[in-house]
Amino acid sequence: MIRAFAALLVVALAALPLRAIVAHPTSLSVVPSLQVDAAAYDAIAAEIVQTRSLAPIPPLQPPGFVLMVAAVYAVAGHSWVAAKVFLWLVFCACILMSAQLAWRLYGEERHAWIAAVLTASAPALRGYTGTIQYELIAAAWLLALLNLASRARVGAVGACVALGAMAAAATLTREVLLATVPVLATYVAHQQWQTHRSQRALACALLVLSSALLPVAGWAMLQSGRSDRIVMISDKGPLVMAFGNNPLANGTFNAPLVGVGTPAGLAFMGAQPTRAVELMGRKFLYFWGVLRDGWNVPRPSGVWLARAAGGTVPLEAILPLVRGGGWLVALVITLITWPRARWRRWWVLPGTIAAVASVHLLTVSSHRFAVPVLPVTLAIIAGPLARAATWLLTSRRRWAPCVCGLAAMVAMQRAEWPVRYSLDAAHMDGLNAANAVDPEFGLVRVADAARGRRAALLLSDEALPHGRFDVVLRLRAAAGAAARDDGIVIARLETATQRLCELTVTRGQAPPGQWIDVTMPCTLHQDDSVTIVVDTTGAVDVAFQSVQLRW
């Protein structure tokens, strides 16, 4: 009975992204904020099919992902739906491989089912099935590598060469996965040394390294010859180092907001090591979703929990947990409680997670970049979750109160509760603005008039609860030549299909130099993903302290 229920749950969860793909056939990305480079990948893949050559692949892009999309286009025609269905199939493969990894890790079927349910329900994984991006492909490669590494540990020559070749393919799809190659090679050698304590361990490591690095070096030589300069896997390295390490950096990709300061990259890290370490801490939090970045996947579970708590817990306290902070806490607890024998055999799993994360601690970070390691993380935490589920289900005195509590939380979804969601303006996205220190409120967002109209504040694709609510902007306008009736700020909320509300703040409503609260009433008829945009018109300089949503 439980096995059948788990299977039905996995199938139902896995089918939801496919439904979204079919429902949005003309959208390049089902979630708009995840579009990122999808248009570029789509154009490159289409040109590869048209020219039947590798020439369209620019030095900024590794070849793996665009070649896969090109293969889909060659078979199905230039179809966004076909590309997304392919990614959905990869998502289904990730579910199976995560379950397989959990089974091998813990040795019981129940752990596999928990891992499958967790992977199928993960919003970040499901979100990337609806856009032409490489994240799911990278996740599938990483799962395949780890499952194969557990076989290559026996030291068979063929398995070591296959592991290295697969690592090369993964690296040519997502450059960051190069960091996993030494981890995998060391793991195979370590396992061999524990078994045989011979030179065979070194030979296995060299086989993995050589078969992984030679194809990558071949591609680098090909691109270098075309470009008449040295190109590694791609040209992104210096760019992402500069984006993530400069005086204006905040840990994630904020160049459209504030630009790139100087010094940048390694020069910045050498000149300001304390600030560089502080940024690494922020990058760690961005990687695990504790801090929100612009590439956001809506989390309806946050809305559900806010209502289940009766509005007593603000939404900004819940969202970091459901975005990824909860998985991080569960991962740390699981690894702390692992017995020594499991660490000796399976250290490669946290090792690869750490290798991928470390690259983004040095460059630029986002929860988007954690998507490839999420299925591995979920396979690891499936162990204690399965044990907890078994403990609950084996006694009515344990599961009955849980069922009653869950029923009460479900019942609370029918009512409207006083939910609160507060945002610091300085931590929101935007275009061509800056953060400055205000003596009263500390760090605030400042949009000067010189650069004209643009989105000074932006919150993309956030899941919000239905009902009537107020959006309260706290802002301060500087002195300027604008007339009393001139608009200085235009705020709006919109879903993918409609504009919910809009408000224009005039010069007369905002006396120079005074902080004021401006309220915009709004109504959302059902729980939905909402984007908040606050434009400045360029009439005067405007500073923003906060945006608050109150139901």
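A: We begin with a charged pair: the side chains of Arg499 and Glu502 form a salt bridge, with N and O 2.6 Å apart. The term denotes a side-chain nitrogen of Lys or Arg within 4 Å of a carboxyl oxygen of Asp or Glu. The model is predicted, so local features need pLDDT of at least 70 and side-chain atom pairs count only at pLDDT 80 or more, while totals for chains, interfaces and linings use all residues. Residues are numbered from 1 along each chain as its sequence is written, and side-chain values use heavy atoms, leaving out hydrogens and water.

Q: Which residues do salt bridges that share partners join into one network?

A: The network consists of Arg453, Arg492, Glu494, Arg499, Glu502 and Asp535. In total, the structure holds 15 salt bridges.

Q: Why are Arg499 and Glu502 classed as partly exposed?

A: Buried means under 20% relative accessible area and exposed over 50%, with partly exposed in between (1.4 Å probe, protein chains only). Arg499 is partly exposed because its relative accessible area is 47%, and Glu502 because its value is 43%.

Q: Are Arg292 and Glu462 buried or exposed?

A: Both are buried. Arg292 forms a salt bridge with Glu462, their closest N and O atoms being 2.9 Å apart. This pair also connects distant parts of the chain: Arg292 is in the loop between helix H14 (273–287) and helix H15 (300–308), and Glu462 is in strand E4 (residues 454–464), 170 residues away.

Q: Where is Gln223, and what does it contact?

A: Gln223 belongs to helix H10 (residues 200–227) and is buried because its relative accessible area is 1%. Contact means heavy atoms within 4.5 Å. Leaving aside neighbours within four places in sequence, Gln223 touches Ile57, Pro58, Pro59, Gln61 and Val231. The buried residues of H10 pack against helix H8 (157–171) and helix H9 (180–195).

Note on methods. Helix = DSSP H or I, 4+ residues; strand = E, 2+ residues; numbered from the N terminus.
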